[in-house]
Amino acid sequence: QVQLVESGGGLVQAGGSLRLSCAASGRFLSLNAMAWYRQAPGKARELVAMFTRWGSTNYADSVKGRFTISRGNVENTVDLQMNSLKPEDTAVYYCNAEDAGTKTNYWGQGTQVTVSS
């Protein structure tokens, strides 16, 4: 079992920045990847950025050059630095992690990000 706790959401004006953090805990040996997804009202959940245990990253085209995903200072944490935020970035952001042993995916409870124009 993997528990994911997100923090850092909030309200910001267009052009501003926010930093999201996700911490994984529980009974697991390692995680293959940690990622951030988002879901806006009436839309499907989409991948925003992913960080694998091998150090590779993957971003949605819509956030490339504005968002940066990185390993946190504490083991099994991941941060998402979001710059130049746009109103279309408004969504609930979810942390996701894959257990390397069971290949099970786990989700956090979500954190709201609202960007005002």
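Two strands pair if DSSP finds at least two bridges between them. Strands here are DSSP runs of E with at least two residues, numbered from the N terminus. In this model, R19 has Q81 in β8 as its bridge partner. The model is predicted: local features need pLDDT of at least 70, side-chain atom pairs count only at pLDDT 80 or more, and totals for chains, interfaces and linings use all residues. Residues are numbered from 1 along each chain as its sequence is written, and side-chain values use heavy atoms, with hydrogens and water left out.

**The open sheet**

- Four strands form an open sheet in the order β1-β3-β8-β7, and their pairing is antiparallel.
- β1 (2-7) and β7 are the edge strands; each has a single partner strand, so one side of each lacks a neighbour in the sheet.
- From one strand to the next, the twist averages 15°. Axes for such angles are lines fitted to C-alpha atoms, and angles run from 0 to 180 degrees between N-to-C directions.
- Strand β3 (residues 18-26) runs antiparallel to β8, and 6 bridges join the two.
- In general, strands of a sheet pair through backbone hydrogen bonds, either parallel or antiparallel.

- S70 belongs to strand β7 (residues 67-71).
- Its relative accessible area is 24%, so S70 is partly exposed. Buried means under 20% relative accessible area, exposed over 50%, and partly exposed in between (1.4 Å probe, protein chains only).
- Beyond neighbours within four places in sequence, S70 contacts R19, F51, T77, V78 and D79. Contact means heavy atoms within 4.5 Å.

- N32 sits in strand β4 (residues 31-39).
- With a relative accessible area of 8%, N32 is buried.
- The side chains of N32 and E98 make a polar contact of 2.7 Å. A polar contact is a pair of N or O atoms within 3.5 Å; within protein, one must be able to donate a hydrogen and the other to accept it, and residues adjacent in sequence count only if both atoms are side-chain atoms.
- Leaving out residues up to four places away in sequence, N32 touches T52, R53, W54, E98, D99, A100 and K103.

**Positive phi in loops**

- S84 is not a glycine, yet its phi is positive, about 50°.
- S84 lies in the loop between β8 (77-82) and β9 (91-99).
- Relative accessibility of S84 is 40%, so S84 counts as partly exposed.
- K103, also a residue other than glycine, has a positive phi near 60°.
- K103 lies in the loop between β9 and β10 (105-107).
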